[in-house]
Amino acid sequence: MKTHKLVMPEHLNHYGFLFGGNLLKWIDEVSYIAVTLDYPGCNFVTVGMDNIKFKKSIRQGTILCFESKKNHVGTTSVEYIVDVTREEITTGSRELVFTTRITFVSVDENGRKKPIPS
């Protein structure tokens, strides 16, 4: 799944750069949408994100592209790799600014792990 986000003034920290928490929130959101579309009718919760390392600073007005790709499916969990690139609107060039793996677990209505249907 691929989607885009425009970095607005309300997304910035006090130094004028994208607040890292907003980036992590967007990654969680777009990946949750991907896993929900991949497994309709299932309930998922986020259990982990790894390799949280911000590679490039991001300023207001930047267009970010989020691409979530399924990486591994277990009995109750699904892992996605998420690449975030910034797109330069004047040249069309793209640059990777962040990448991580995010894991979701399928749960029942009581929050207990539940096998993912085949």
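**Terms and their grounds**

Guide: Glu 87 stands opposite Arg 94 in β5. This is a predicted model, in which local features need pLDDT of at least 70 and side-chain atom pairs count only at pLDDT 80 or more, while totals for chains, interfaces and linings use all residues. Residues are numbered from 1 along each chain as its sequence is written, and side-chain values use heavy atoms, with hydrogens and water left out.

Visitor: What makes strand β4 and strand β5 a pair?

Guide: Two strands pair if DSSP finds at least two bridges between them. Strand β4 (residues 77-87) and strand β5 (residues 94-107) have 11 bridges in the antiparallel sense, so they count as paired under that definition.

Visitor: How do you know which elements the chain contains?

Guide: Helices are DSSP runs of H or I with at least four residues, strands are runs of E with at least two, and both are numbered from the N terminus. The chain comes to 1 helix and 5 strands, in the order β-α-β-β-β-β from the N terminus on.

Visitor: Why are β1 and β2 called edge strands?

Guide: The 5 strands form an open antiparallel sheet in the order β1-β3-β4-β5-β2. Within this sheet β1 (2-6) and β2 each pair on one side only.

Visitor: What lies across the sheet strands, and at what angle to β5?

Guide: Helix α1 lies across β1, β2, β3, β4 and β5, running at about 55° to β5. Axes are lines fitted to C-alpha atoms, for helices over the stretch in contact (heavy atoms within 4.5 Å), and angles run from 0 to 180 degrees between N-to-C directions.

Visitor: Why does Tyr 32 count as partly exposed?

Guide: Buried means under 20% relative accessible area, exposed over 50%, and partly exposed in between, with a 1.4 Å probe and protein chains only. Tyr 32, found in helix α1 (residues 20-38), has 36% relative accessibility and therefore counts as partly exposed. Under the buried criterion fall 34% of the 118 residues in the chain.
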